[in-house]
Amino acid sequence: MAARNGTTSTTEVERKYEGTAPLPELAGAGPVRTTRDPGTVRLDAVYYDTPDRRLAHGGVTLRRRTGGADEGWHLKLPLGTGAREEIRAPLTDHIPDPLRALVRSRARREPLGPIVTLHTDRRRRLLLDAEGTALAEVCVDTVTAERDGNTAEWTEIEVELADGADPAVLDAVEERLAAAGLRPSADASKLARALAETAATTQPPAPGSGTAGADVLDYARRQLDILTSLDPAVRRDRTDSVHRMRVAARRLRSCLRSHRKVLDRAATRPVEEELRWLGRELGTDRDREVLADRLGLRLGELPPDLVSGPVALRLARRDGTERRTTRARVLATLDSPRYLALLDTLHLLLHTAPPLRGPAHRPAADVMPKTMRRERDRLLRRLDQAARTEPGPDRDTALHRARKAAKRARYAAETARPALGKKARKQGKRFKRVQQLLGDHHDSVVTREALRRIAAEAENAGEPSFTYGVLYGREAGLAADDERRLARVRVR
């Protein structure tokens, strides 16, 4: 269990079941050899959300629980594949600031307040292996939900995997429960069931399918959901989270730009500029990370006799200094009013009042091919322009512009997949290959620029700069290789 900012976190892997059958004997289910019943505990929890249930719509729960061994504040964030990260904070009267920050991308500027109270009588059963080690905990929960005078009652069964246990235990237990007449719960959480059974909220209707507008909005909404969901991971410095959030912002911006026949540019253009700003702010930390990884990799490839001076130490110290600056910049961005305003605008634009134009109501299969061709032709023009430019900084700039066009073409193909299927996937793979080669080429350009600066810093400090020159030469060779491979890629 990791600790951070007065909070602890753990990964929760559990399955829920419902039905009227009693709990069957579970000894002998897979590796389970014996069971032990620690008794019954009373749990009282107040769940918090915005008035329009923004956390619940995203599968996020925030509660204040009393009773049991883990009383306190609990924030649960979905991780996919049936897992959630549970972040805990000590019991206080008010929502702890670290947890409030982690739901800011969803709540934005709406207040958080109590929405449902759950009273649970929990009967526990531990499942143990032959050595007496806990494999999982099975809980039979009798639940009473209260909201604005409305109540609901039900009984459910939770099976939660113990830390480090094999997930196959859950499959073995599920076989026993199914044989006894118990079935997987239709609700992902107690909160979801409580809201449904007290008529507190309904999920927003799923977007339609088949029209260009529906497919574009579906793609854009998914990118917005990814961006929003990654906000807590970026705040907590999770691996690759900044990169993935930046990519979601790029995909969303590209979608708004490419599909101008579907979405009114008068409404989307200002949002595009704000997404550009967000990508730029996130990019400072991501670009630093890419540079540090690339320099470390290239240095590790050199034989010892080509490494002169404290190169590794200088690179590590330089990255550490820059990381503190870029990390602070990213966190300041996520806490800024401008960022929250952007999220508000995106939700309004994509969910509340989409600025659809006439072609949005036509079949996607009629509209998407034209968008893909337009983006492909833009990419071809820029590749041709780069090929006709003399080697040097001007060609590097032209190739970077072609890289941006490759991204737009790739994302347009992604949006078209529901309508065009195999054709869009095939095109998308080609565009992705071009993007990857151009991306590697651009990383080499950036790395060489950095090596010039680092070499000058080393010389000023009285250190040899020979190794930085060697690295520069290797990067130049790699960039030339990328250009040769690019010439052999088929785009049409």
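Visitor: Is aspartate 148 buried or exposed, and what is its relative accessible area?

Guide: Aspartate 148 is exposed, with a relative accessible area of 66%, where exposed means over 50%, buried under 20% and partly exposed in between, computed with a 1.4 Å probe on protein chains only. This is a predicted model, in which local features need pLDDT of at least 70 and side-chain atom pairs count only at pLDDT 80 or more, while totals for chains, interfaces and linings use all residues. Residues are numbered from 1 along each chain as its sequence is written, and side-chain values use heavy atoms, leaving out hydrogens and water.

Visitor: Which value does phi take at aspartate 148, and at arginine 53?

Guide: Most residues other than glycine have a negative phi. Aspartate 148, however, has a positive phi near 50 degrees, and arginine 53 has a positive phi of about 60 degrees. Aspartate 148 sits in the loop between β8 (134-147) and β9 (150-161), strands being DSSP runs of E with at least two residues and helices runs of H or I with at least four, numbered from the N terminus. Arginine 53 belongs to the loop between β3 (34-49) and α1 (54-57), and counts as buried because its relative accessibility is 6%.

Visitor: Which residues touch the most other members of the largest nonpolar core?

Guide: In soluble globular proteins, nonpolar side chains tend to be buried together. A nonpolar core is a set of buried Ala, Val, Leu, Ile, Met, Phe, Trp, Tyr and Cys residues joined through side-chain atoms within 4.5 Å. Here the largest has 58 residues, and Leu227, Met245, Leu275, Leu278, Tyr339 and Leu379 touch the most other members. Its largest share, 10 residues, comes from α12.
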